Amino acid sequence: MSDNANATVLIVDDDDMMIQMAEFILSKDTNFNILKAKSGLECLRTLQSGEKIDLILLDIQMPGMDGIKVMELIQKHDYWKLIPVIFLTAASDKNTVMKAGQMGAVGYIKKPFTPEDFIQRINHVLN
């Protein structure tokens, strides 16, 4: 059981299977409150709702508004920029990893990931 009971995690990914897998892993042995967004715009709407969010898992490669643009907008907001963001992406090139770090992301999870690594990285950020 995690120390992060009731932490709210916003999963932002345009891939339904990825959202379902992340939700399954998070709900399997933890008590996370899970919010989901299928686009950058939906992510921003969720943030605008005022719901307390403890962590954002943000896909970089999405149609329309990608994760980099979403992160730029998050960083311009006084409150949102305090929410830790972990990028989720299939890209593993050094430029993408460096850009994620420069933008203020606290972590980077490469797809596909193992459930153990996924939970470990999330718990590390939330602790």
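**Strands, helices and cores**

Guide: Strands β3 and β4 (residues 85–89) pair in the parallel sense over four bridges. Two strands count as paired if DSSP finds at least two bridges between them. Helices (H or I, at least four residues) and strands (E, at least two) are DSSP runs, numbered from the N terminus.

Visitor: Before we go on, what sort of model is it?

Guide: This is a predicted model, where local features need pLDDT of at least 70, side-chain atom pairs count only at pLDDT 80 or more, and totals for chains, interfaces and linings use all residues. Residues are numbered from 1 along each chain as its sequence is written, and side-chain values use heavy atoms, with hydrogens and water left out.

Visitor: OK, back to the strands. Which residue in β4 is the bridge partner of Asp 59?

Guide: That's Leu 88.

Visitor: And what joins β1 to β3?

Guide: Four bridges, with β1 (residues 8–12) and β3 running parallel. Val 9 has Leu 55 of β3 as its bridge partner.

Visitor: How many residues of β3 are buried?

Guide: Five of the five, residues 55–59, so β3 is largely enclosed by the rest of the structure. Buried means under 20% relative accessible area, exposed over 50%, and partly exposed in between, using a 1.4 Å probe and protein chains only. Leu 55, Leu 57 and Asp 59 point one way from the strand, while Ile 56 and Leu 58 point the other way.

Visitor: What kind of unit do β3, α3 and β4 make?

Guide: A right-handed β-α-β unit, with α3 covering residues 67–75. Right-handed here says that, with the strands pointing away from the viewer, the path from the first strand over the helix to the second runs clockwise.

Visitor: Let's look at Gln 75. Where is Gln 75 found?

Guide: In helix α3. Gln 75 is partly exposed, with a relative accessible area of 30%. Leaving out residues up to four places away in sequence, Gln 75 touches Lys 81 and Met 103; contact means heavy atoms within 4.5 Å.

Visitor: Now the core. Which residues have the most contacts inside the largest nonpolar core?

Guide: Leu 10, Val 12, Leu 47, Ile 56, Leu 58 and Phe 87, in a core of 25 residues. The elements giving two or more residues to this core are β1, β2 (33–37), α2 (40–48), β3, α3 and β4. The largest share, four residues, comes from α3. A nonpolar core is a set of buried Ala, Val, Leu, Ile, Met, Phe, Trp, Tyr and Cys residues joined through side-chain atoms within 4.5 Å.

Visitor: What is Leu 47 in contact with?

Guide: Beyond its neighbours within four places in sequence, Leu 47 contacts Ile 53, Ile 56, Ile 74, Trp 80 and Ile 83. There's also a second, separate core of 19 residues, including Ala 7, Ala 22, Ile 34 and Leu 57.

Visitor: Which residues are buried in α2?

Guide: Gly 40, Cys 43, Leu 44, Thr 46 and Leu 47. Down the axis of α2, the buried residues fall within an arc of 160 degrees, so they line one face of the helix. That arc is taken from the directions from the helix axis to the C-beta atoms.

Visitor: And what covers them?

Guide: The cover includes β1, β2, β3 and α3. On the face turned away from the buried side, α2 carries the exposed residues Arg 45 and Gln 48.
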